[in-house]
Amino acid sequence: MAELPHAWLLRLLKVPPAPVIPSGDVRVFRSAPAYRSYRVFLWAVRQVGLVAGLTVGAMFLSAVVPHINFPLSEKIAWGLEALAWLGFIVQLPFGFLVARIDYAFRWYVLSDRSLRLHEGIVSFQEKTMTFANIQQVSIQQNPIQRLLGISDVKVETAGGGGSSGSKDGGSGHGEHLHEAHFRGVSNPGEIRDVILARVRMHRDAGLGEHSMPERNEPASASAASLEAARELLTEMRALRQALPSRRP
């Protein structure tokens, strides 16, 4: 595997091992290699933004600091600016390596009952959703992903609620607790079809469907009421035929 030379980084970040694949009818999907280019591009854009911010900060200090009447103000200000640039330079190789190998540490496992997401390097997350609770599956693609031939598959379950961070299209932080994303996949249609097929299978089998008994109970009640009405009608007809025979 091409990422093995970066094993020291994985040990440093204590990245969890690959998930254990359960037995049975299981499909495993991974992010496409093109997702690596996508992550590196997003990382590069962020670095350009940081450089722009640091440059503007330096220009601001050049214009303001000479007018501040405070002992050592210029040295303190430029010292802080130097520390900011040093921090930027130090994080460059680390951030680049994370962006480059992140795609290889994403597993999307579809068993016969649930889907399981296992992803992340710096911030790891694992999420499991049962097919019985899935309500919607959609494919999302921005212009950059379109150029690279990849997409995200978004899965939503019943509920909704809080979210867990910032939505950056990266490691899944910030998505709602009732959402899951298959990020950077090259076969989104296949993934969507497999999920929907298993959702239909569970609903056809009545697994996890609370509405099934509710539909059956009114049917049983209506059948019993109809039978009772027929018996009552039969008795009323018999009574009507019996009444004239008793007249004098």
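Me: How many helices and strands does the chain have?
Reply: The chain has 6 helices and 7 strands. Both are DSSP runs, numbered from the N terminus: helices are H or I with at least four residues, strands E with at least two. This is a predicted model, where local features need pLDDT of at least 70, side-chain atom pairs count only at pLDDT 80 or more, and totals for chains, interfaces and linings use all residues. Residues are numbered from 1 along each chain as its sequence is written, and side-chain values use heavy atoms, leaving out hydrogens and water.

Me: In what order do the elements run?
Reply: From the N terminus on, α-β-α-α-β-β-β-β-α-β-β-α-α.

Me: What share of the 248 residues is buried?
Reply: Buried residues make up 33%. Buried means under 20% relative accessible area, exposed over 50%, partly exposed in between (1.4 Å probe, protein chains only).

Me: Which residues have the most contacts inside the largest nonpolar core?
Reply: L110, L115, I134, V155, F182 and I195, in a core of 18 residues. Helix α5 gives the most to this core, with 4 residues. A nonpolar core is a set of buried Ala, Val, Leu, Ile, Met, Phe, Trp, Tyr and Cys residues joined through side-chain atoms within 4.5 Å.

Me: Why would such side chains be buried together?
Reply: In soluble globular proteins, nonpolar side chains tend to be buried together.

Me: What does V155 touch?
Reply: Leaving aside neighbours within four places in sequence, V155 has contacts (heavy atoms within 4.5 Å) that include L115, M129, I134, F182 and I195.

Me: Switching to arginines. Is R198 buried or exposed?
Reply: R198 counts as buried, because its relative accessibility is 8%. It sits in helix α5, residues 188–204. Beyond four places in sequence, R198 touches D25, R27, L110, S111, D112 and F131.

Me: And where is R39?
Reply: R39 is in helix α2, residues 34–64. R39 is buried too, with a relative accessible area of 10%.

Me: Which side chain does R39 join in a polar contact?
Reply: That of D102, at 2.6 Å. A polar contact is a pair of N or O atoms within 3.5 Å; within protein, one must be able to donate a hydrogen and the other to accept it, and residues adjacent in sequence count only if both atoms are side-chain atoms.

Me: How far is the C-alpha of R39 from that of V98?
Reply: They are separated by 9.1 Å, with the residues 59 apart along the chain.

Me: Last one. Is F70 buried or exposed?
Reply: F70 is exposed, because its relative accessible area is 53%.
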